[in-house]
Amino acid sequence: TGDGITLGTSAGAGIVDMDKVQVHPTGWVDPKDPSNPGKILAGELMRGVGGILMNHEGERFCNELGTRAYVVDKMFGHDPQYAKTKTWNVDTEIPTFSLVLSASAAEGAQKHVDHYLNKGLLTRIDGLDALANWMKLPVAKVKASLLEYQRDAKKGKDAWGKVTFNGVPQKDLSSEVFYAGKITPVLHYCMGGLTIDKDGNVLNESKEIIPG
């Protein structure tokens with residue numbers, strides 16, 4: 001929560017690299033409290049086992065196995081101003097996306113899946129039609145995206161350079177069991193902090209030790 005930095009600066013401490021803040025691409029949006037600024041992280045494992053990221057159009061938009069910075073950039077890139085400036089307008093609504101796992105992908109992260117299901121952050125969905133309904137999209141749109149993903153997996157590469165395809169949905173999408181939830185980019189941690197010396201003493205803005 002930054003209490004230590006607040007405490008330090010109130011005592012005259014200097015700060016460094018406070019503009020270096022990491023944003024994590026997958027924080028769960030709780031359907032019971034979607035506007036709550038506090039989010040539970042969806043671990044990278046959820047993407048590693050085969051989780052697919054889809055936007056509000058039902059389209060994939062990135063290599064899900066990319067770095068946090070890369071995936072966040074692709075998410076923020078849905079906003080025209082960010083796409084041009086690479087700077088996020090704090091007055092702009094943070095976008096949300098769907099994280100979708102097949103049954104086989106979910107098996108690879110069963111403990112996590114069970115945990116998120118228990119918290120109501122993931123939903124079990126039986127079949128393609130129900131998934132499209134959950135996403136509030138035409139079945140044909142969601143089907144087209146998943147079929148393209150299956151074709152890319154078979155080729156071994158997609159448009160974003162993804163070459164590892166775990167947990168690909170089965171051929172018969174109507175009988176696939178999906179696990180889906182809404183996610184959004186979230187503040188993860190700050191790489192900056194108080195100025196210190198090699199011995200861990202806190203320094204003021206003139207690089208002098210603050211006694212204490």
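Predicted model: local features only at pLDDT ≥ 70, side-chain atom pairs only at ≥ 80, totals over all residues.
The protein chain has eight helices and seven strands, and its C-alpha atoms fill a box of roughly 70 × 40 × 30 Å along the principal axes. Of its 212 residues, 38% are buried. Among contacts with a separation of 6 or more, 67% are between residues 24 or more positions apart.

**Helices α7 and α8**

- In general, a packed pair of helices is described by the angle and the distance between the two axes.
- Here, the axes of α7 (residues 128–135) and α8 (residues 139–155) come within 9 Å and cross at roughly 110°.
- That angle makes α7 roughly perpendicular to α8, because anything from 65 to 115 degrees counts as such.
- The crossing of α7 and α8 is right-handed.
- On the α7 side, the contact is made by Leu128, Asp129, Leu131, Ala132 and Met135; on the α8 side, Val139, Val142, Lys143 and Leu146 take part.
- Sorted by class, the contact between α7 and α8 has seven nonpolar residues, two charged ones and no polar ones.

**Serine 145, also in α8**

- Serine 145 sits in helix α8.
- With a relative accessible area of 11%, serine 145 is buried, because the cut-off for buried is under 20%.
- Setting aside neighbours within four places in sequence, serine 145 is in contact with Met54, Gly58 and Glu59.

**Salt bridges**

- As a rule, side chains of opposite charge can pair when their charged atoms come close.
- Lysine 162 and glutamate 64 meet through their side chains in a salt bridge, at 3.0 Å from N to O.
- Lysine 162 is in the loop between α8 and β6 (177–190), while glutamate 64 is in the loop between β3 (52–54) and α3 (68–76), so this pair ties together parts that are 98 residues apart in sequence.
- Buried or exposed, what are lysine 162 and glutamate 64? Both of them are buried.
- Lysine 86 pairs with aspartate 73 in another salt bridge, with the closest N and O atoms 3.0 Å apart.
- Lysine 86 lies in the loop between α4 (80–85) and β4 (97–101) and aspartate 73 in helix α3, so the parts this pair ties together are 13 residues apart in sequence.
- Lysine 86 is partly exposed at 48% relative accessibility, and aspartate 73 is partly exposed at 24%.
- Lysine 198 forms a salt bridge with aspartate 199, where the closest N and O atoms are 3.6 Å apart.
- Lysine 198 is exposed, and aspartate 199 is exposed too.

**Positive phi values**

- For background, most residues other than glycine have a negative phi.
- Aspartate 17 has a positive phi of about 55°, although it is not a glycine.
- Where is aspartate 17 placed? It is in the loop between β1 (15–16) and β2 (21–28).
- Aspartate 17 is partly exposed, with a relative accessible area of 42%.
- Lysine 207, another residue other than glycine, has a positive phi near 65°.
- Lysine 207 belongs to the segment after β7 (193–194).
- Lysine 207 has a relative accessible area of 57% and is exposed, because the cut-off for exposed is over 50%.

- Aspartate 3 is found in helix α1, which covers residues 3–10.
- At 54% relative accessibility, aspartate 3 counts as exposed.
- Aspartate 3 and valine 72 are 69 residues apart in sequence, and their C-alpha atoms are 26 Å apart in space.

Methods: Residues numbered from 1 in each chain as written. Heavy atoms only, no water. Helix = DSSP H or I, 4+ residues; strand = E, 2+ residues; numbered from the N terminus. Buried < 20%, exposed > 50% of the residue type's maximum accessible area, 1.4 Å probe, protein only. Axes fitted to C-alpha atoms, helices over the stretch in contact; angles between N-to-C directions. Parallel < 35°, antiparallel > 145°, perpendicular 65-115°, else oblique. Left-handed = near helix turned anticlockwise from the far one by under 90°. Contact = heavy atoms within 4.5 Å. Nonpolar A, V, L, I, M, F, W, Y, C, P; charged D, E, K, R; others polar. Salt bridge = Lys/Arg side-chain N within 4 Å of Asp/Glu carboxyl O.
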